Amino acid sequence: MLPETNRTIVDRLRELRQTRFGAFVPVLLALAAIWFYFGVAVPLWDFWSDPDATGIRFIFLSPRNIYNLFMQSAVIATLAVGITIVLLLGDIDLSAAATAGVCAALLGVLVLAGVPGWLACLIVMGVGIVMGAAQGLLVAYVGIPSFVVTLAGLLGYQGLMQKILPTGNLNIGDPFVRSIARVLIPDFWGLVLATALVAFVTALALRRQARRKARGLELDSGLAIWGQVAFFAVLVYAAVITMNSYRSLPLMILLLVALTALVGWVTTSTPFGRSIFAVGGNAESARRVGMNVKRIRVAAFGIVGLMAAIGGIFGASRFGSVSYTAFAGGSLLLESIGAAVIGGTSLFGGRGSVWNAILGALVIGSLGNGLDLSGASAADKLMFSGAILILAVAIDSISRPAGGSPR
Amino acid sequence: MTGKDSAVGRSAPPSHLRVYGVHKRFGGVHALRGVDFEVARGEVMALVGDNGAGKSTLMKVIAGAHTADEGEFWMDDRQVTVNSPHDAAELGIQVVYQDLALCENLDVSANLSLGAEPVSSGWRILPRMLRPIDDLEMEVRAQKAINRLEVRTLKSVRSNVGGLSGGQRQAIAIARAVGTESSVVLLDEPTAALGVAQTRQVLDVVKRLRDTNHAVVYISHNLRDVFEIADRICVLRHGGNVATWSVKDTAPDEIVGAMTRGLDVRDGNAA
């Protein structure tokens, strides 16, 4: 590497992005900046500029608002996690929100027809996988660029949703479906869960370090390990305690985290996940070492379809209804792609993480929520979102390793 | 002519891989016109020739990327067929192409195990693609491969390939080819884009390959490197053999002459 004295900020940024943990930093900084602005700066400004104010009102950072923020961001985050998978391949999926819409509409129609809620959810998830994988087949075996395939998918699935829901709106009263967003984990069990999670992560880190030592591999510094564990613990406890102080930890957030953990584990720790990164990094290399690039593409699009279906279920559960504008016709698609990209997942493939997609979804959600609270118009919201997206992609471009060709 | 005495089959070591009378046509172009080629274990055989001489075609035929129209393949004393890269890999023939095909977004150990990641034992209910990667085992293997080739400048097998120098990347690509139980390694212009120090590093790695009893085929334009590293030099011209020399018995001028004009006396060597 370069000598200490010659390193510029950009070099440091690049090195930071190389580490697994460092990839979180830019999006966390963005989130912190947004939360500081809406949570501290705006209320203070209002207090000082308004002589009649009786006290500072921290609405944005109130537990109630944070709770709503998480729930609002959950659907975006679910789609963003799926989209991250295809972005890692260097492809894109424009049809995820429309897929979610079709799945949610189908769910509504099924439960209305008397199908039990759990069965309807499973059917819809299956349909989502088929819808995603069908596009994957066109991309991988017919060789159409994913942008075109999924653009056609976006249009086609939007139409399909309108076919399923001619009125454009359907209420969902099924108790199973509603319970996903309504069930709360009791305060005590939420804390137990958080403690178990932190203990698990700590044990994992320590065991790994012990095994590295036993096999004579280079060791991570103790500071880094404990720093990561402490950071994780703070994040988990802060989230749970904040939720508890308003209501409790909602089941939907728990499901989202569990799903993301599963997808994250598959992408980083299995041969399948490694092959996704390999195809995204250098498809020719993946082909030469004997990976079935086409099948990997289809599987990745299948996963997006599944995540989109789950996002549709989450959305239907949260709103208690399915409407065209909430899914296929609204801003959900761009917000979820934006979330994945703001999270630091490269549009050129091969770099990114599903956890960052969740943080990216929080950034997008916070921005919308904060602007709503400060009474901004829809026009302001759109322009702010655009600016944040450009900023995120600019950071991605600058921090890409020097000399690496944009793949 | 000097070429005759040291041609294939005289004082040469017993060959490990040997091809006879290889023909390859691409439509109307007769790219290989009955080429003979051989390489022994523990030697570096350089394959040189002007542009269009058929070096790359011959390499791809040996690697199974192209199928020969005619020709015999022998490994030790067994006749074999190579119709696909998979066949070649089964026989222990590995190629390091000029573009290396490394994944720059992954670290060194991931690149070395790419496509053959070790998975943890247990988890039998899951398909192999979804079992957890044993990344510690992966690092141990990578470290062994790097140590075997003595790539001293590499700080850690956990560094991303995107941040490595050209010479280090070449070494990683070679290590990947060698790591998979190979006995024949074909190197396509391994030093073409490298500076002096990096070239030295790669040549050291190639020497290590020879010392570990691999049969190395070294394709290059750079005669200085060839004369430093090779034991024998096989010259191709217009899709046919010119001759094979032992490095001790020849000089760069003679090789350049053979590459550009062929031999003055056509006495069977060009067959």
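**Domains and chains**

A: Domain 1 of chain A and domain 2 of chain A bury about 950 Å² between them, with 78% of it on carbon and sulfur atoms; buried area means the accessible area (1.4 Å probe) that two parts lose on being put together, summed over both. This is a predicted model, where local features need pLDDT of at least 70 and side-chain atom pairs count only at pLDDT 80 or more, while totals for chains, interfaces and linings use all residues. Residues are numbered from 1 along each chain as its sequence is written, chains are lettered from A and ligands numbered from 1 in the order in which they are written, and side-chain values use heavy atoms, leaving out hydrogens and water.

Q: Which residues supply 53% of the area that domain 1 of chain A buries against domain 2 of chain A?
A: A:Tyr67, A:Ser248 and A:Leu249, more than any other three residues.

Q: Where are those domains in chain A?
A: Domain 1 covers 58-171 + 248-398 and domain 2 covers 187-247; the bounds come from an automatic or database domain assignment.

Q: OK, on to the chains. How many residues of chain A are in contact with chain B?
A: 30 residues of chain A, and they meet 33 residues of chain B (contact: heavy atoms within 4.5 Å).

Q: How many salt bridges run across that interface?
A: The rule finds five between chain A and chain B, a salt bridge being a side-chain nitrogen of Lys or Arg within 4 Å of a carboxyl oxygen of Asp or Glu. One joins the side chains of A:Arg288 and B:Asp99 (3.1 Å, N to O).
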